[in-house]
Structures are given as C-alpha cells and as structure tokens.
Amino acid sequence: MRCFAFLLNFCKPFILLACFSLFFYGKAFSQNIINGIITGREGKALVGASISVKGAIRGVTSDSAGRFHLLVARGVSIEISYIGYLSQQIIIADQNELHISLAEDFSNLNDVIVIGYGTSKIKDLTGAIGSLSENDFNKGTFSSPDQLIQGKASGVQIINNNGIPGGAATIMIRGNDALTGTGQPLYVIDGVPLDGRSLASGDNATNPQNNGSFQSGTNPLNFINPDDIASIEILKDASATAIYGSRGSFGVVLINTKKGQAGRSKLEIGSSIGISSIMKKTKVLDAAQYRSAINYYDVSSSNDFGSSANAMDAILQNGFQQNHTIAASGGSETGKYRLSGNLLDQDGIIIHTGLKKYVVDLSTNFKFLDSKKLGLDVNLISSQYIQTVPLPATGSDELIFSALQWNPTKSLTNKDGSLSINAGDDPPNPVALADYLRNNLKVTTILGSVSPYYKFTDWLEYRFLYSINYSTSIDRFSLDVALNPYNQGNTGGQIYIANNELTTEQMTHTITFNKRVSANLHLTALAGYEYTKTDMKGYNLSGNGDSIGFGSYGLDYTNYIQYSYQGSRQLYSFANPITELQSYFARAIFNLQEKYLLTATFRADGSSKFGANNKYGYFPSFAAAWNISKEKFFNSDFFNLLKMRVGWGATGNQEFPPGSAQARYAFQNGQTIIQINNPNPNLKWQSDKQYDIGIDFSMYQSRISGTIDYFHKTTSNLLYPGPPIQPAPPQSTIRWSNLDGEIINKGLEVLMNINIMHQKDFSLDVSANATFIKNNVSGLPTTIYTGTLQGSGVSGDLVEVIKNGLPMNAFYTRQYLGIDKSSGISQYVDSGNTFHYVGNPNPTALLGISTTFRFKKLSLLINMFGAFGKSIFDNTSLNVINAGGINVGRNIGLSVYNNPVKESIANPVTPSSRYVENGNYVKMSNLTFSYNLGDVKNVCRAANIYITARNLFVITKYQGFDPEVNADRNNNGVPSLGIGYVEYPSARTVSVGINFSL
C-alpha cells in the first residue's frame, strides 16, 4: 500500500498534465462546419470556386449561389481559388460564417490557350500569339466570328470589303504579301482547318478557269454562330505558324467553340433586336442643286424633268434585325455536353437585301473506364444561311451605280404610282432594279469531328481526329419581265441557277508527351501525321424567256426553268482535281527552371498541287524565351514579369487552283475540249521566312501588361500564272511558275493593357494596340499589273502595280496637276504620257483602343480602331459621278460641282492621281452600355441587359461610303487592294438585348 501511494503521488502531476493536454487538444482540433459565400467582381457569386484545406487533399467547390460548406478544425488554413482571380488564404478561428470577396487577377499569364495541336500557358509562350477570350470580343450582333476581333489584336488588319450582310472580309496578318490568292489566314475550328473558299457562283473560287484569285463575295466563316465562340488565338510569327507548314504563311486563326462544364445543367439564353441605317453617304446633287448645275455647266434644259427625287434614299431602308441563341450544357466528369441553336435574321439597309441564318452546335466529351483514361470528343456544327444581295458591280444595271447617277429632277414613279420603267432611262430606275432583280444564295454547311483519345499515363496521350466539312450552295438569279425595256433583244426575262459542292476530309494522329523529366526541366513533345483531301465540283443552268416570257404564275422564274426558250438554254459543269495533302510534324518545348524556354517545330507537307519534282516542302522553326524576372539578380517590385523572346521559322503557301502544275482541260459547247493550263513539273512551294524579337512584360501587380514585337517577313519563290512556254497549244493561256523576287513586310507591334483603377464599385480599364509596318517589293523580273477599273471609257485600265522598289499594289497612274482654268480640262505631268507612283493602299499604321468603365452594376464599353498612311482609289468618282454625267442627264458628285475651278463637261474620263484619296480613318466601331441585373429571385441567373451601337461614326476625308473598303478588281488572278467602286454602304446599327441563364 505504501508503494502504491508513492506511485500515485509521483504520477499525479503527469496525470493532471495529460488531462489538461487532452482537454486542450480536443478544444483545438474539434471539427466545425464552416458556411461561406464567395463573390467576385461587382459582388457577383462565383460558381465553382475551389475551397481546399491547406496540406490536405480534401476540399469542396462553391455552388450556383457561390455558397459552400466545409468541415474543418480551428487553426487550420483554407485556400480559395478561382480562374481570373487572386487566390486567398484564411486561417479558421472562431467564425462559422465566411463572406469571402476575391480580387481580380489582372494578369492572364496562367491562362491556357490553344497553340495548334496542343495548348500552352501564356507565360510559357515563345512565339508571337494574340489571344482573345469572350470578355475581350467586340459586342453586338455579328454574322461571322472574325468581326469579334476587329481592332483588337496588334498586327492584324480586318477590312469589311463592303456593307452587305454576310459579306466578305479581307484579313491580313503582318502585312500584304499575296501575289496571288487572297492572303487570308488559315482558319482552324476546334482543330479542323477550313478550306477558306466561298461557294458563291459568281466568285472566282468556283470557276475552274480562274487564275488563283479566291477573293469572294461571301464570308467563309458565315456558318458559325459568333455567340458559340469561347476564344480566338491568332498565330502571327513563323515560329508559331510553322506547325501548319504549307498553309501557315498568311498566319493562322484558331477558333475555339464553347464546351460543356461538369455540374448542374444550365440553360443560357441571349436575345437582341436592332435597327440599321446607312452610316455615311456619298454626296451627290439634290434637285435644287442639279437645276443650278444645269445653268452652271450650260447644258440642255431638257435635263430638268421638273420633279424631285432622291434615288439613294428610295432604295435605302431602316433594316430590322433579330438574333436569338439558346444553349443547354452540363454533365459530369465522365460526360459533358453543350447544345446550342441560333437564329439570325438581318435586313440589309437596301431594300430586298438581307441575311437569314440558322445554326446548331453540339459538343460532347466522354470519359470511359474506371481510370477515365479513354475519352471521346465529338463536335458538330450544322448551318444554313440565305443571303439576298444586289447584283455585283458589272455595269449600268448595277443598283448603287443607278441610284447615284439617277437624275434628281426625274420622278421614280409614274402619275399612277407605278414605277417608271422606260427604254430611254440611262441609268435604269434603281427601285425597279431592286424590285425585279433577285439574287439569292443559300449555303448549307456541316462541320463534324470525332476525336477519341487515350491517356497511357498522366504524361503520355494518343489522340485521333477524323473530320468532314461539307458545304453546298444554290445560287438563284432571276430578272423579271417587267424590266424588258432595259434589255434590248431580250424581252422575256432571264434566269440562272448554280450549285456548288465543297468537301474536305481530314485524319490526324498525334501523340503528346508532357512531363517534368527532372527537377529543373519540363518537356512537352508532340509528333503527328495528317492527311487531308478536298474535292470541289458544281454546275449551272441559264436561260431566257421567248417573246411571251415566263408568264405570271406567282412563282420565281428559277422554279420552272424548263419553261425558258429552248434555244437560249446553257449548261455548264465542272470538277476540280482532287487535292491531297499528306503531312508529318513534330514539336518540342523545353522549359528549364521556368526561366529558359526553347521551342523547335518541324513539318513536312506533300501536296498534289505541286509539280512531280517538288511534291514535298519542309518547314522548320525555332524560338527561345528568357524569363528575366525569374532570375535571382532581378530583384524588382516593379515588374511581375519581364520576358524576352526570339524566333525564326519558314512556312509555305499553296493557295492557288488545284491541278495548276498539270495540263488542265475544259469541256466546251459543241463537243470541243481546250487546254487551259500548261504543266510545270518543277512548280514548288512559295516560301515565307520570318524572324521575330519580342518582349512580354507585366508590372505594378499586373495592373499594366503588354507585349512589344519587331518582325521581319520575307516572301520568295512567288507563285504566279504567267504566259505558257512556247510552243504551246493555241488555247492554253497560263503556266504557273515560281517568280524570282521578294516581298518584305517588317514592322513593330505594341499591345498594352492598363487597369487604371479598380475598386469595389468602380473600375476603369484601357487596352490599346498599335502596328507600324512597311511593305516593299524587290527582285521581280518584270512589273505585274492589277487593279482593273470598271466603267465607260476606262474598262480594263489598270491602276496598281507590283514593282521593284514600291509597296504591294502601289497605285501607278498619271500624275494629276489640276484643272486648267481656261479650258476646264485636267492637266497631267508629261501630258499624261508617263505613269507615276501616286499612292499606297497598304496602311503604315494600325490603331485599336478599347475602354471599359464600370460603376456598380453599370458598365460602358467603347471600342475604336483606325488605319493611317493608306490611300484609296475612288473608281466611283472617276466613272459614276463625274462632271460629264450632267451633259447626258445623269447626276454628279457634290464635290465636283463645288470645285472652285469649273470643270468642263467634255473633260475626258481619265484615271489619275486625282482619284487617289486619303484613306486614313478612325471609326467608333462599338459602344455598349449594360446593366448587370445578376440573379433575379429564383427565376434566372447572371441576367444582363444592354444597348449597343455599331459603326456609330467614322472620321475620314474619303468621299465614298466607307474608307474600310476593298472591291475585288483583280487582274489575271493577282488581287487588288484599296479600290472603291459603288460598294454596298456600311450600316450603323443600334440594338438592345438581354442575356441570362436558368
């Protein structure tokens, strides 16, 4: 007993200490349920934010209201993270409720972007790549995705060739170097490259005898719903584009559509309506001014018809448009989906013109097996659009042409209100042309891809992709019998029907290695094989009515073409040679210590387009980057990132007609066959070599970030359709060859993003980009002419050259000295017998600026862009509204009448520098005012209402409708640039809309 008492007394302090320890241990590590809500910008709930316990593998995500519940011990640290926001750590004390507001991360350095057959974090890029997400896009209703990024990316010029709904655009990345073809970039939709050709029957792309100009009247991206686009990446330098080899010389635009996300099912709805009107008019005389001009020019008073009419206003209208998109998405980690539908109905600002489009987009992602290593991606876009447009500018029957020339003292209607249609009308009544000419294009497109993949390990993946892109078009034109007085010898109406088909199939195999191979080195490697086959064919039918015509049956004439006069019918069909492209490619990216990066790319392309002796082309590239801000010696609180890049690469160009290296033949009426192309077994790839030096930076806690790039691009081995080598068959007109010579584009790009102020209820952000570029041609064996003018007295005249020592498409014509005061006749250097360099259609500077202002739930977005240092040749002023028109009863330009020196009506219509105008402009492209309603009770989430104005105004000295113009006036397949000719006017659009989800 004495021993037991001794032990008890001895152990008593330890027993008490143990009891106290257990008590405090239980208090410290008792588990409590923490309830919280996570918000971000404007107090908006963040859905899917990650909440994890530091040092543990468990965690939760926030729900649709931003709320979460987490069982955690006191004293433990939790971390909250969300894409686009700075992570935040909180030590749990006695609180049971948390309201956590995350601050925005103004740096996008950790964002993952698509780079071609793979992805990369922005901070790890070694090439010049522009990346824009949905938040960066232009706002409003658009018919094609390229309009989302106009003015947003440095080094990229986007020109809407005219104002036609769904009309074509010219996109040039880092300058103009297209001796033939369009110079358009390669478009890649979710990993599937597009052919890029339009299916409008009037386009050169559908004519097998064309010489390589694929500049078209419709946009090849019209089949896509811009609301379905998640991001767009623009690969600009050769180190980035070389992975696409022979198709990368004009740059690559990667378009990535939205995908489903795991979690609760979501229904997103967007709807808008708007009104469009003409943005800017070409000024001609009104009735009162015309009567004064009759006296001023001393022409016959019979040109005064005693009435008053405004022909341009008569064919203009306020165009109504509506755009509706609905998308359902959701799924789990093993199966995600997104299905969307879109309707766009857009009236043009000219009567009887417009665009109607229907799009369905489906994307799915499935993962199989318990390991989830086997996956399948399926993407499908099905689209149909119907474009109603006036006839192209082919003569006096053209709609805009007639409206500008119509005598303003002459009524458009008869006394009984019917349209005035008389054989002597010159020009024809534009309202009658709009009413009785029909030109409708229907294009149906299906783009589908299936991509199974298998992850052998976390760092090794094999992927296969099969895609098919099928497009078919039906083009219908009819001329009503009511226009008989305008058709000498053709009194029964006219019809024309064309059908074209374009099919592209692609198979791609890739294997990707992505692993940290040592403590300091991370390696990403890619190897792949690709096969692409393209087939295009079509036919057309035409006919005229006889003396009776097509009758009055309430149907469009194209619905009963068999009723046409049998002797007038013509048939035509074609099938282009099938084009095949076989490719092998590889890329390796080395990342050493997050400081030193090296990218090496190689691609070999074999194309059936080229000669037997040069089937394959080889395209290497190398790029390196040094992240200076990671160096120990670089101790700066000023810079978050400072990285230098340098890259070099070679790409190619195969944008010219299929079969151009072969002898090609065309079937003719009367069972004859003619040769249209001479073979050239030595025809090889056009080569583009480019080097780039760039700096990426981010400073002041990423409130200021940007990139600066200097580039130098040299294009050689120029593809050109020249005369055949003699002796040659008498009908053969061309032989494709590689010309000596170089086209050089060099310049500087600057992109700046500045967060001027950011508080809970107020923020102001500015993004600006500028490009300074110089273009020059050297080493050509001969001067190449293009820029074909249109109009009486000048048809066939050429005003552009591609000549050594000058920029591409330089305006080259007579040097205008002014009008002689005594005779009223134009004067020229050397009496107009010599031609001179008089203007450059290539801008030397591009500018874009975007400003976002937010106050609480109100936001204001302003986008502007412009081009400087460029000229425009005004073919409209030369031929359509010149002074001589008033002598034959046509209208003339107001600037002609207001000229201080009186011009003679006998002044010859002569191309000269008089019509080379200053093409500089600044355009207010987008202004959007929005109000964020947020969640509205339990009905809808993330509701936002807005009003948007597009093309609000333009500041320019150009007299035409819009300085953003590019009429296709190619010559022998050599494209033109910067010529304006009675183009469809641009529209100013104001729309209101709402977006929300359920």
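Two strands are said to pair if DSSP finds at least two bridges between them. Helices (H or I, at least four residues) and strands (E, at least two) are DSSP runs, numbered from the N terminus. The views below come from a predicted model, in which local features need pLDDT of at least 70, side-chain atom pairs count only at pLDDT 80 or more, and totals for chains, interfaces and linings use all residues. Residues are numbered from 1 along each chain as its sequence is written, and side-chain values use heavy atoms, with hydrogens and water left out.

**View A. An open sheet of 5 strands with mixed pairing.** Follow the strands in the order S10-S15-S16-S13-S14. At the edges are S10 (129–133) and S14 (192–193), each pairing on one side only. Inside the sheet, S15 (residues 229–235) and S16 (residues 252–257) run antiparallel and are joined by 6 bridges.

**View B. Thr 241 in helix H2 (residues 238–241).** Thr 241 is buried, at a relative accessible area of 1% (buried means under 20%, exposed over 50%, partly exposed in between; 1.4 Å probe, protein chains only). A polar atom of its side chain sits 3.4 Å from the backbone oxygen of Gly 248. Beyond its neighbours within four places in sequence, Thr 241 has contacts (heavy atoms within 4.5 Å) with residues including Leu 235, Val 252 and Thr 651.

**View C. Helix H3 (residues 287–296) and its buried residues.** Here Ala 287, Tyr 290, Ala 293 and Ile 294 are buried. They lie on the same side of H3 because they cover an arc of only 115° around the axis, taken from the directions from the helix axis to the C-beta atoms. These buried residues pack against helix H8 (894–897), while exposed Ala 288 and Asn 295 are on the face turned away. At the N-terminal end, Asp 286 caps H3, with a side-chain oxygen 3.2 Å from the backbone nitrogen of Ala 288. After H3 comes Asp 298, with a positive phi near 55°.

**View D. The largest nonpolar core, with 35 residues.** Such a core is a set of buried Ala, Val, Leu, Ile, Met, Phe, Trp, Tyr and Cys residues joined through side-chain atoms within 4.5 Å. Among the residues touching the most other members are Met 312, Ile 400 and Leu 483. Helix H5 (399–405) is one of the elements giving two or more residues; H5 gives the most, with 5 residues.

Key. A polar contact is a pair of N or O atoms within 3.5 Å; within protein, one must be able to donate a hydrogen and the other to accept it, and residues adjacent in sequence count only if both atoms are side-chain atoms.
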